[in-house]
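User: I'm new to protein structures and would like to learn how to read this one. Could you go through it with me?

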Amino acid sequence: MDCSVIDGALFRQLLQAGFNALCSHEQDINDLNVFPVPDGDTGTNMRLTFANGLHNIKEEDNLGKIASEFSVGMLYGARGNSGVLSSRYFFGLAKGLEGRTDIDVKGFASAMVKAYEAAYKAVDDPAEGTILTVAREGIDTIKDTIDYENITFLSFLGMVVQTMSLSLDNTPNLLPILKESGVVDSGGKGLLIIFQGFLSFFTGDLEGTVSSDYHETASVLPSYDFSLFNEDSVLEYGYCTEFLLQLQTSKTDVHHFDLSSFISFLSEHGSSLICFQNGTVIKVHIHTKKPYEIIEFAQRFGEFLTFKMENMSLQHNNVEDKKAKKNQERKQHAIITIAQGEGLLNLFKEIGADVVLNGHDTMNTSSAELIDAFKEANADEIIVLPNEKNILMAAHQAAELYKDSTVRVLETRDIPSGYAAMTMLMGDEETADQMYDAMKGGLDNFTSGFICQASRDTTADGIVCVKGSYIQGLNGHLVGCDETLEKALISWLNHVEGIEDKEVLTLMFGKSVDDEKAEHLISLVKAAYPRLEIGRIDGRQAVYDILLGIN
């Protein structure tokens with residue numbers, strides 16, 4: 001078919017065709033990701049974002065209203081940077097279609113200019129060689145050469161697809177990491193696939209394209225299977241013990257207190273240890289099945305200012321937790337964070353997060369899920385710790401969309417960074433600004449990263465990775481690839497700049513690392529770097545064998 005004008009009903013069919021194409025090529029887009037880590041790929045994020053847009057359409061005929069409803073659904077359902085940028089693109093497109101019941105090629109081309117302009121505005125420092133470039137060059141290259149009096153949508157979309165293809169092929173020349181990895185930009189590929197879907201609707205060339213149902217991907221918050229702690233239960237997790245200890249001159253030399261020895265004792269009697277000193281006050285968080293040992297030891301040096309001890313098995317299984325949060329009075333401020341793995345989800349709750357979202361394996365939480373968390377937090381001021389660089393844009397977008405609270409995003413790039421930030425809270429902060437500043441200070445000179453198995457063969461940051469080998473990420477860059485987890489761990493540490501001045505290493509072990517393996521890895525670190533204090537956390541996350549933080 002062909003036409004020179006499209007109305008709302010036809011535009012809705014175009015969107016479905018674009019979605020079908022995106023679903024059919026989802027894995028092709030995923031395979032273009034530079035880092036070979038299966039933690040939220042571009043194709044998947046774009047599919048889920050697009051699906052939320054379609055799910056939000058209620059209007060049947062009005063073009064402007066359909067475009068608006070679609071863009072709002074995408075904004076709220078955006079996942080990952082590619083999802084946020086594509087949602088901003090269609091937000092701009094909707095602005096160009098606003099108030100229209102139908103539109104010709106010239107009007108649609110003008111709307112495409114507004115679309116890429118809106119996407120560019122979403123980024124503080126736009127990088128070329130990305131989806132932004134493909135969106136801009138896809139229309140700017142041709143908009144002044146078109147005979148608008150005689151062109152149809154079939155011809156126009158053919159030209160757009162051709163120019164987008166050329167732009168996409170050139171992205172490695174604009175972004176060195178793409179050239180090094182031998183791939184084109186994945187987000188740009190996703191946008192091209194969408195427009196190829198639009199074109200296929202007019203040509204009837206639907207070979208290799210599946211008809212997909214977008215309803216299955218509507219954003220929902222995760223649910224858990226809770227059970228009570230009764231006479232037949234087993235204390236599997238021990239007690240979460242947390243206190244502020246005021247050192248006392250009657251018990252110790254407060255000005256020459258040996259924090260290192262204090263930490264060493266605690267490390268031998270518990271896990272998930274957080275311990276640091278602020279003046280003459282010591283903050284401690286520890287998991288132990290024998291809290292009396294910790295209490296007795298601490299009182300040798302001072303007295304407790306605050307003390308909290310909770311049965312973690314009961315806490316974990318407490319079915320009334322979510323109901324209590326919904327019924328609580330509105331708070332002054334709240335912290336929302338994201339994690340994956342049962343151990344890490346519980347940990348963030350224990351150290352003060354008001355709402356902990358389950359990022360599951362991909363850690364690509366949508367704007368809609370974040371907004372639901374804002375509502376659950378029920379606070380005047382909210383601080384969000386995304387704990388994943390690929391959620392930053394979605395978090396900022398959710399903060400912009402939500403009007404019932406003041407929301408600030410602390411840009412924690414990974415889970416260890418979020419953990420380090422939250423350990424800086426002493427509990428005496430009275431305002432959200434004080435909390436934000438304290439947590440932000442915890443990221444100064446902090447180094448974090450991951451070790452996991454490569455999901456495919458690739459080259460990135462000059463590192464050749466073989467599928468199944470253990471790749472090491474440090475501060476957002478790949479630094480090594482080794483055949484064993486042991487070699488990878490020592491290699492990661494060797495790449496830490498100024499490690500001779502570092503004091504505390506936190507190792508968050510995933511599901512793949514059992515207790516025996518964890519102890520073996522810790523012994524290797526102690527032998528190689530005997531000065532380091534080592535904190536062990538059984539995160540039980542799925543994707544990463546080890547998450548690491550050091551300061």
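User: Which residues of α17 are buried?

Analyst: This is a predicted model, in which local features need pLDDT of at least 70, side-chain atom pairs count only at pLDDT 80 or more, and totals for chains, interfaces and linings use all residues. Residues are numbered from 1 along each chain as its sequence is written, and side-chain values use heavy atoms, with hydrogens and water left out. Buried means under 20% relative accessible area, exposed over 50%, and partly exposed in between (1.4 Å probe, protein chains only). By that rule, the buried residues of α17 are L392, M393, A394, A395, Q397, A398 and A399.

User: Why is helix α17 described as largely enclosed by the rest of the structure?

Analyst: Helices are DSSP runs of H or I with at least four residues, strands are runs of E with at least two, and both are numbered from the N terminus. Helix α17 covers residues 392–401. It is largely enclosed because the buried ones number 7 of the 10 residues.

User: What do the buried residues of α17 pack against?

Analyst: Contact here means heavy atoms within 4.5 Å. The partners include helices and strands; they are α4 (63–77), α5 (80–97), α16 (367–377), β9 and β10.

User: How many residues of helix α18 are buried?

Analyst: Helix α18 spans residues 415–422. I415, P416, S417, G418, Y419, A420, A421 and M422 are buried.

User: What is the strand order in the open sheet of 4 strands?

Analyst: Two strands pair if DSSP finds at least two bridges between them. The pairing in this sheet is parallel, and the order is β8-β7-β9-β10.

User: Which are the edge strands?

Analyst: An edge strand of this sheet pairs on one side only. That holds for β8 (355–358) and β10 (406–409).

User: In β8, which residue is the bridge partner of I336?

Analyst: Strand β7 (residues 331–339) pairs with β8 in the parallel sense over 4 bridges. The partner of I336 in β8 is V355.

User: At about what angle does helix α19 run to β9?

Analyst: Axes are lines fitted to C-alpha atoms, for helices over the stretch in contact, and angles run from 0 to 180 degrees between N-to-C directions. Helix α19 (residues 432–441) lies across β7, β9 (379–385) and β10. Its angle to β9 is about 10 degrees.

User: How many helices and strands are in the chain?

Analyst: Of the 551 residues of the chain, 55% count as buried. The chain's elements come to 21 helices and 18 strands.
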